[in-house]
Amino acid sequence: MASPPDVSELRRAKFARRLPGELAMLAGPAHGTVSLPLHLARSGLTEFDLEQPRLRMSCYRIVLAEGLHDDLIQYLDQELLVSMGPTLRTLINRDLRDVWEAAFPELARRTQAVA
């Protein structure tokens, strides 16, 4: 009898199902203020000024962790995600990071180039 999948495997599968087909699909704003819906930002701040690095990082952390496929496309910008990658990867959980970097090697390469 096979053992049931562990929590990490279940989390990775959940994140993988939500991924866009390619990073170029990420068509979110790169500037201005983003207002996240309550299904993403359940408690606390819901508006994020993308010009402020800490708020931009918080917004991306929330969308990556909580967002469904369409949320990722609507709220994330490809260039911002790639540029924030080296720092952002240290702020998200390992399962989420591993799924994104496995699907989009350019995120992992960017991190290696900075290290």
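## Fold and helix packing of a predicted chain

With 115 residues, the chain would have a radius of gyration near 13 Å as a compact globule; its value is 14 Å, which agrees. That radius is taken over C-alpha atoms, and the globule rule is 2.2 Å times the number of residues to the power 0.38. Along the principal axes, the C-alpha atoms fill a box of roughly 55 × 35 × 25 Å.

This is a predicted model: local features need pLDDT of at least 70, side-chain atom pairs count only at pLDDT 80 or more, and totals for chains, interfaces and linings use all residues. Residues are numbered from 1 along each chain as its sequence is written, and side-chain values use heavy atoms, with hydrogens and water left out.

The mean pLDDT (the predictor's confidence in each residue, from 0 to 100) is 91 for the chain, and 92% of its residues reach 70 or more. Among the elements, helix α3 (residues 69-75) has the highest mean, 98. Helix α6 (residues 105-114) has the lowest, 67. Where pLDDT is low, the predicted coordinates should not be read in detail.

The chain has six helices and two strands. These are DSSP runs numbered from the N terminus: helices are H or I with at least four residues, strands E with at least two. Along the sequence the pattern reads α-β-β-α-α-α-α-α.

Two helix pairs are described here. Axes are lines fitted to C-alpha atoms, for helices over the stretch in contact, and angles run from 0 to 180 degrees between N-to-C directions.

| Helix pair | Angle | Axis distance |
|---|---|---|
| α1 (residues 7-18) and α5 (residues 94-103) | about 45° | 9 Å |
| α2 (residues 53-66) and α4 (residues 78-88) | about 95° | 11 Å |

The angle of about 45° makes α1 oblique to α5. Angles under 35 degrees count as roughly parallel, over 145 as roughly antiparallel, 65 to 115 as roughly perpendicular and the rest as oblique. S8, R11, R12, F15 and A16 of α1 meet R94, D95, L96, D98 and V99 of α5. Contact means heavy atoms within 4.5 Å. These residues divide into four nonpolar, one polar and five charged. Ala, Val, Leu, Ile, Met, Phe, Trp, Tyr, Cys and Pro count as nonpolar, Asp, Glu, Lys and Arg as charged, and the others, Gly among them, as polar.

The angle of about 95° makes α2 roughly perpendicular to α4. R56, M57, Y60, R61 and L64 of α2 touch L80, L81, M84, T87 and L88 of α4. Here the division is seven nonpolar, one polar and two charged.
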